[in-house]
Amino acid sequence: MMIPRHLRTVLCAVALAALSAPAYAQLTIDMTKPSFEPVPIAIVDFAGDGVGGEMATVIRNDLQNSGLFRSIPPGSFIERNVNANAAPRFPDWRSVGATGLVVGQVSQVGGNLKVDFRLWDVVAGRQADGLSFTSQPNNWRRLSHIIADAIYKRVTGEEGYFDTRVAYVSETGPLNNRSKRIAIMDQDGANNRYITDGRTLALTPRFSPTLQEIVYMAYGENNGPPRVYLQNVDSGRRELLGNFPGMSFAPRFSPDGTKVAMSLSQDGNTDLYEMDVRGRGMRRLTNTPAIDTSPSYSNDGTQIVFNSDRGGTQQLYVMNAGGGGEKRISFGDGRYATPVWSPRGDYIAFTKIMGNSFGIGVMRPDGSGERLLSNGFLVEGPTWAPNGRVLMFFKQQPNSGGRAGSVSLSAIDITGRFERQVPTPTDASDPAWSPLIPQ
Amino acid sequence: MRMIKAFAAIAALMFIAACSNNEQAAAPSGTTVTPGSVADFRQNVGDRVYFDTDQSSVREDGRQTLNKQAAWLKQYANYQITIEGHCDERGTREYNLALGERRATSVRQYLIAQGIPAARIKTLSYGKERPEVVGSDEGSWARNRRGVTTLQ
């Protein structure tokens with residue numbers, strides 16, 4: 001896909017000549033093993049410009065937060081002032097326990113920022129990766145995430161997810177009169193901004209898997225019914241998706257971004273529909289007296305998982321993408337909600353409602369292999385990182401003494417390890433992870 | 001009868017005001033509930049009904065309230081109304097939007113059955129987004145599972 005030049009971040013990316021033959025023996029992590037140790041990695045402040053130190057901080061933070069890496073504190077480094085274009089003193093790095101070493105050089109070239117970085121396999125004593133990027137100077141944070149993604153991919157063999165954004169619902173004010181706005185930030189919490197004005201409640205943002213666009217639901221002015229909107233997060237351009245007599249809500253894009261599945265309520269009954277984004281044609285997918293909502297397409301676009309109370313309680317069902325062939329897939333104790341198909345196709349994540357607690361879990365698309373990853377008083381609304389390895393969701397603490405419990409975002413690896421809170425400037429719910437941002 | 005009730009309410013207010021000289025700001029003098037006003041509807045009829053967990057059928061106590069609402073709405077036929085449907089926090093956001101719509105619709109249908117024209121009644125679900133009571137206990141949840149009749 002061609003990206004307009006003004007939106008491009010990386011003007012140029014080239015491989016650096018290897019200073020030694022690449023080695024593939026030591027600097028890897030096998031994530032299929034039930035327990036694996038994080039890779040100890042040393043990331044030296046990039047040389048040549050003040051922003052180099054900040055870039056190294058962003059990269060350390062990304063890799064450390066993934067749980068797959070352990071960033072060695074820079075204070076313990078023996079070799080300082082490492083030259084990015086020469087081999088490091090490997091024994092110095094082995095003795096601080098590093099398996100990998102990242103060094104970089106920042107320079108200004110014709111008003112642009114040029115960043116060279118190298119990843120060294122310390123154990124083998126060889127270069128594992130080396131790339132050079134040129135971009136506008138204000139893109140240094142994105143370049144840092146792109147470098148962290150390159151390191152992640154080189155070590156794990158899987159695509160990274162650090163050069164991404166998260167849309168979510170920012171919540172402020174008292175619980176019984178709360179302002180809920182759609183906000184967007186980088187995946188690490190930087191560059192937070194608001195994309196709805198807060199005059200009416202805006203909920204359930206969902207990212208396009210192909211573009212920097214979201215769909216969400218917002219209430220109308222003066223008690224107007226909730227409707228679904230499509231909004232470009234960069235330009236801010238917003239369009240109404242359908243003007244139906246009742247409430248339309250729970251939108252979600254198809255994997256190719258050309259369709260949006262959503263719920264429509266008419267006369268108190270909620271069914272699933274699919275809209276063609278370009279032609280705006282609407283097709284009905286379910287027709288039952290039950291609540292059918294929270295649709296999510298399979299990664300290949302051929303099926304939709306959703307939740308329905310047609311059997312008496314909320315459970316998960318899978319059907320053909322055009323409707324029909326509905327089959328229940330959840331059979332454990334409790335109620336199941338908000339199913340989300342992994343972009344890799346191997347799992348469906350969901351919210352589970354049990355007696356006094358809620359859980360976030362995953363199961364195979366046929367319903368087998370159910371596994372809870374996190375639970376709490378109220379945890380809800382999983383969303384997948386584009387590589388299908390990490391889930392983000394929200395966590396609400398109980399209200400007490402007339403005061404609202406805090407609501408915040410959390411991320412967790414699909415192994416159930418490395419749960420951590422994601423920083424947001426306000427209370428936050430309903431995260432939606434973007435695809436990798438086009439370079 | 002309705003007038004007598006309104007006067008009784010005013011008298012009660014005046015009595016309370018007289019008993020609490022230090023709290024006059026809380027009960028401004030001259031407060032009256034005009035028959036046919038929104039305040040009259042809220043205080044003397046009752047603007048809300050409550051639901052059982054994950055249910056949307058109107059309970060017996062709710063039917064009594066809705067019968068009174070229907071009588072009042074027939075007398076003051078100039079009002080358009082919106083039924084707001086609400087849920088407690090023990091469900092997911094999207095499902096609760098649908099459940100709130102079901103609750104609002106069940107109140108609407110009850111009022112229609114009592115003779116209120118369908119064209120006067122709209123519904124609007126707030127799911128779990130607008131609790132009446134800020135609490136995470138059975139008592140708070142019971143009051144948040146509600147249908148509220150608002151007048152326009």
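How are α1(A) and α3(A) oriented to each other? In this predicted model, in which local features need pLDDT of at least 70, side-chain atom pairs count only at pLDDT 80 or more, and totals for chains, interfaces and linings use all residues, the two helices are oblique to each other. Residues are numbered from 1 along each chain as its sequence is written, while chains are lettered from A and ligands numbered from 1 in the order in which they are written.

**Helix pair**

- The axes of α1 (residues 51-65) and α3 (residues 140-156) of chain A come within 9 Å and cross at roughly 45°; axes are lines fitted to C-alpha atoms, for helices over the stretch in contact, with angles from 0 to 180 degrees between N-to-C directions.
- Angles under 35 degrees count as roughly parallel, over 145 as roughly antiparallel, 65 to 115 as roughly perpendicular and the rest as oblique, and α1(A) and α3(A) are therefore oblique.
- Residues of α1(A), including A:Val51, A:Met55 and A:Asp62, meet residues of α3(A), among them A:Trp140, A:Arg141 and A:Tyr152, where contact requires C-beta atoms, placed from the backbone, to lie within 7 Å.
- By class, this contact of α1(A) with α3(A) has 11 nonpolar, 2 polar and 2 charged residues (Ala, Val, Leu, Ile, Met, Phe, Trp, Tyr, Cys and Pro are nonpolar, Asp, Glu, Lys and Arg charged, and the others, Gly among them, polar).

**Overall build of chain A**

- Chain A holds 3 helices and 30 strands, helices (H or I, at least four residues) and strands (E, at least two) being DSSP runs numbered from the N terminus.
- The radius of gyration of chain A, taken over C-alpha atoms, is 23 Å, close to the 22 Å that the globule rule gives for 439 residues, so chain A is as compact as a globular protein of that length; the rule is 2.2 Å times the number of residues to the power 0.38.

**Domains of chain A**

- Chain A is divided into domain 1 (5-156) and domain 2 (165-433), with bounds that come from an automatic or database domain assignment.
- Across the boundary, 7 residues of domain 1 of chain A are in contact with 8 residues of domain 2 of chain A, and α1(A) gives the most to the domain 1 side, with 4 residues.

**Contact with chain B**

- In this interface, 36 residues of chain A are in contact with 23 residues of chain B, and the largest share of the chain A side, 3 residues, comes from β26(A).
- The residues on the side of chain A that touches chain B divide into 13 nonpolar, 18 polar and 5 charged.

Methods
Contact = placed C-beta atoms within 7 Å.
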